[in-house]
Amino acid sequence: MLDRIDLGHPAWPSVGEATAVLSGRPVAVLTGAGISTDSGIPDYRGPDSPPRTPMTYQQFVGDPDRRRHYWARNHVGWRHVHRTRPNPGHLAVSRLEAAGAAVGVITQNVDTLHNAAGSRNVIDLHGRYDRVLCLDCRRVVPRDHVAARLKALNPGFADEVADAEIAPDADAVIEATAHFRVADCEACGGMLKPDIVYFGENVPKPRVEAAYALVDSAAALLVAGSSLTVMSGLRFVRHAAKTGRPVIIVNRGTTRGDDLATVKVDAGCSPVLTVLASVLTGSAVSP
């Protein structure tokens, strides 16, 4: 497995340091968009990512035109994310859990790829793209059911759109959406919203508490593919460091948690996590 990362890469010595720190320590894993880039889902804040202005919760609920535009974009983008598959980084995290080297995963992603890879103890910090919530009656329905309704309301729309750019939250950028028809809740006629935490919206408290508990149940924290720009992820790094747990960060480029890291590996998630999983599960020699 060691030949999956360039041994001449500047990050290679830090991979060895990371395995030495994590060896014998059950780890909690915190992941961000960078772990899913090799599955074809671009991240928001990677070194090569273009600037993005995501819709806020307040814009979604307060502006019917923006909400319609969002659903039109999501209708196109959802089809792409629905077809994505786990990459070696997701599979490595799953192997760590299966071997008892990881206690579980806190993910900031909504793509459900950790579950698809076989991870069992997954906390979807920001929700899941495959569910839709009614803001009035709180009914939750599968996203593919809503997709069928949107397709019936807007026949041919997704196939006609040529200027779509896929984004991490099953979104896409479309210029003309004025004619798009939005689906309402079948039970109460209320407003439907993807079961995703938007900017300007708080992560549900029980979910945050479960994530803290997962970190506390581990002896170290492994961060993979997150710039830790937003507090929803950074707080767990700060908590781990404050409670004396080593923090390993694997991410291309700088993060807000670098000053708290025991070891920082500046490289892509797939090759590094593959090596870490191989070493920590005893299926390869240490780097």
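Which residue just after H10 takes a positive phi? Gly282 does, with a phi of about 80°.

The legends below describe a predicted model, in which local features need pLDDT of at least 70 and side-chain atom pairs count only at pLDDT 80 or more, whereas totals for chains, interfaces and linings use all residues. Residues are numbered from 1 along each chain as its sequence is written, and side-chain values use heavy atoms, with hydrogens and water left out.

**Figure 1. Overview of the protein chain.** The chain holds ten helices and eleven strands; these are DSSP runs numbered from the N terminus, helices being H or I with at least four residues and strands E with at least two. Of the 287 residues, 50% are buried (under 20% relative accessible area with a 1.4 Å probe, protein chains only; exposed is over 50% and partly exposed lies in between). Among contacts (heavy atoms within 4.5 Å) with a separation of 6 or more, 72% come from residues 24 or more positions apart.

**Figure 2. The largest nonpolar core.** A nonpolar core is a set of buried Ala, Val, Leu, Ile, Met, Phe, Trp, Tyr and Cys residues joined through side-chain atoms within 4.5 Å. The largest one has 28 residues, and those with the most contacts inside it include Val27, Val29, Leu222 and Ile248. Elements that give two or more residues to this core include helix H1 (12–22), strand E1 (27–31), strand E9 (220–224) and helix H10 (269–280). H10 gives the most, with seven residues. A second, separate core of 26 residues includes Ile41, Phe60, Val76 and Ala158.

**Figure 3. Helix H10.** Ten of the twelve residues of H10 are buried, among them Cys269, Val272, Leu273, Leu276 and Val279. At 1.5 Å a residue, H10 should span 16 Å, and its end C-alpha atoms are 16 Å apart, which agrees; the expected span is 1.5 Å times one less than the number of residues.

**Figure 4. Strands E9 and E10.** These two strands pair in the parallel sense over four bridges, where pairing requires that DSSP finds at least two bridges between two strands. Leu221 has Val247 in E10 as its bridge partner. Val247 and Ile249 point one way from E10, Ile248 and Val250 point the other way, and all are buried. In a regular strand the side chains alternate between the two faces of the sheet.

Figure 5. Three bridges join strand E4 (residues 127–134) to E5, and Val132 stands opposite Val141 in E5.

**Figure 6. The aromatic cluster.** Ring pairs link Phe60, Tyr70, Trp71 and Tyr198. Rings of Phe, Tyr and Trp (its six-membered ring) pair if their centres lie within 6.5 Å, and planes under 30 degrees apart count as stacked, over 60 as edge-to-face and the rest as tilted. The structure holds six aromatic pairs. The rings of Tyr70 and Trp71 have centres 6.5 Å apart and planes at 85°, so this pair is edge-to-face. Tyr70 is buried at a relative accessible area of 2%, and Trp71 is buried at 1% relative accessibility.
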